[in-house]
Amino acid sequence: MKDDFQIENGVLVEYLGEEAAPEIPDGVLEIGEDAFFGAEIENVVIPNSVKIIGVSAFYSCSNLKEVNFPESIEEIREDAFSECENLIRVILPPKLKKVGNNAFNGCSSLEEVVFNEGLEEIGEDAFMFGGVFREVTLPSTLKKIGDWAFAECSNLEEVDMPLGAETGEYTFSGTPYGERKERAARRSFDISRVRREEEQTSKTVRKRYLKGKGRHNAAQYAAMNEKVYIDLDSKGKKPLRKAVFGGIFPFVVIWMLFDFGILGGMSISGVFAKNPLMLLILLFFAVHLMPVWIWIAGIVKAVRGESNTTYAVTDKKLYLCEEGKLTYCDLEDIELAEEISSDSVRVKTTDGCELNLSGLKFPKDFASRLSKLVEKKRGEAVAEKNKASEKTE
């Protein structure tokens, strides 16, 4: 009912009603400051005449679950939907250029945010403490993301960032995505800082020499926008640390202290010198120490099995780190991947170059998984090419 709304010169000044799903009258141009502040509404119908949603317009509407924005909306000002803790889904309207500061701050139940192409700026703290959404795709038109815009979105793992978008301080602080970015920034052997020359072994396979020799994890050289699908480290061999300090370590220590304590005591007391059965006693203890010999054998096996070779497969590249050298190629340049043995896989590239992957215990499905990723990448490349051709036409 119109009596539920106080409207002045096209501005909705205040909602006076008690309906759970009020319908704003057509002709309203702006939802004014604090118009629905704290109102117990669950839904709201906004007419196509509305262009501006004002400061704190729906602030602390804790029961609000859904808002359908009409195409006419051009501005969502600061704190507009802040603390709407039950708001589930937001689809931003097509004419919107900026999301105001704190606009959706504290919307802790948000499951999805759909950003419109044409959006140019996301304000400070805009989605801070925002919900349960795990990924966002930001539009190609976006130019700036403000400080703390997505901070403390504790489930945010993936962000599709447009090229050239400027981010503020702590934009993704407190998110899994932000933590991953920070770790990547701190890594000591960034691919952009590898030293010496780049050796072109073929048109498709590249080699770079890393700072220092020894072991490097191939996955750390993946670019920021690459998703790591397969990370083969020393998981195929028993790590040395696990071999030394594994499950039987406390038992072995007690066993050694007991046996060597007895042998030491017998030596000091001169039992060996007086006892004609000395060899039998030593043989007994040699057998009795069998758990210790098994433990030592495990350590020896782990040392021999340690490999300086690691592999990583992302959605774009295959990486190989081996003895201070990084070898990598694009997935779409791979022609064939086949398993030769349990610890060897052959990869052929489109220009005839071969990479023999070995040194680790490969999972049985490694070659097939790599082939599927290659096919997926090729399909995406073809789709992009066709899309570009259609636009040109």
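# Burial, strand pairing and side-chain contacts

User: How many of the residues of strand β19 (residues 309-314) are buried?

Analyst: Helices (H or I, at least four residues) and strands (E, at least two) are DSSP runs, numbered from the N terminus. Buried means under 20% relative accessible area, exposed over 50%, and partly exposed in between (1.4 Å probe, protein chains only). Strand β19 is mostly covered, and the count of its buried residues is six of six.

User: What pLDDT do side-chain atom pairs need in this predicted model?

Analyst: Residues are numbered from 1 along each chain as its sequence is written, and side-chain values use heavy atoms, with hydrogens and water left out. The model is predicted: totals for chains, interfaces and linings use all residues, local features need pLDDT of at least 70, and side-chain atom pairs count only at pLDDT 80 or more.

User: Which residue in β19 is the bridge partner of Asp231?

Analyst: Two strands pair if DSSP finds at least two bridges between them. Strand β18 (residues 228-232) and β19 pair in the antiparallel sense over four bridges. In β19, the bridge partner of Asp231 is Ala312.

User: Which residue forms a salt bridge with Lys317?

Analyst: A salt bridge is a side-chain nitrogen of Lys or Arg within 4 Å of a carboxyl oxygen of Asp or Glu. Lys317 has its closest N and O atoms 3.4 Å apart in such a bridge, which links distant parts of the chain, strand β20 and strand β21 (residues 325-330), across 13 residues. Lys317 counts as buried because its relative accessibility is 17%. The residue that forms the salt bridge with Lys317 is Asp330.

User: Which residues are linked in a network of salt bridges?

Analyst: A search of the whole structure finds eight salt bridges. In one of them, the side chains of Glu30 and Arg77 meet at 3.5 Å, N to O, and this pair links distant parts of the chain, 47 residues apart, with Glu30 in strand β3 (residues 30-31) and Arg77 in the loop between β7 and β8. Glu30 is buried at a relative accessible area of 19%, whereas Arg77 is partly exposed at 28%. The residues linked in the network are Glu30, Glu75 and Arg77.

User: How far apart are the closest N and O atoms of Arg346 and Glu338?

Analyst: Arg346 is partly exposed, with a relative accessible area of 26%. Glu338 is partly exposed, with a relative accessible area of 26%. Arg346 forms a salt bridge with Glu338, and the closest N and O atoms are apart by 2.0 Å.

User: How many aromatic pairs does the structure hold?

Analyst: Rings of Phe, Tyr and Trp (its six-membered ring) pair if their centres lie within 6.5 Å; planes under 30 degrees apart count as stacked, over 60 as edge-to-face and the rest as tilted. By this criterion, the number of aromatic pairs in the structure is 17.

User: What is the angle between the planes of Phe81 and Phe104?

Analyst: Phe81 and Phe104 form a stacked pair, 5.3 Å centre to centre. The pair links distant parts of the chain, 23 residues apart: Phe81 in the loop between β7 (75-76) and β8 (89-91), Phe104 in the loop between β9 (98-99) and β10 (112-114). Phe81 is buried, and so is Phe104. The angle between their planes is 0°.

User: Why is the pair of Phe127 and Phe150 stacked?

Analyst: Phe127 is buried, as is Phe150. Their ring centres are 5.4 Å apart, and the pair is stacked because the planes lie at 5°.

User: How large is the nonpolar surface patch that includes Ile294?

Analyst: Patches are made of residues with over 30% relative accessible area and no salt bridge; like charges are joined within 9 Å, and nonpolar side chains (Val, Leu, Ile, Met, Phe, Trp, Tyr) within 5 Å. Ile294, found in helix α6 (residues 290-305), counts as exposed because its relative accessibility is 53%. Met290, Trp293, Ile294, Ile296 and Val300 make the patch. Its area is about 460 Å².

Terms used
Accessible areas come from the Shrake-Rupley method with a 1.4 Å probe; for residues, only the protein chains shown count as cover.
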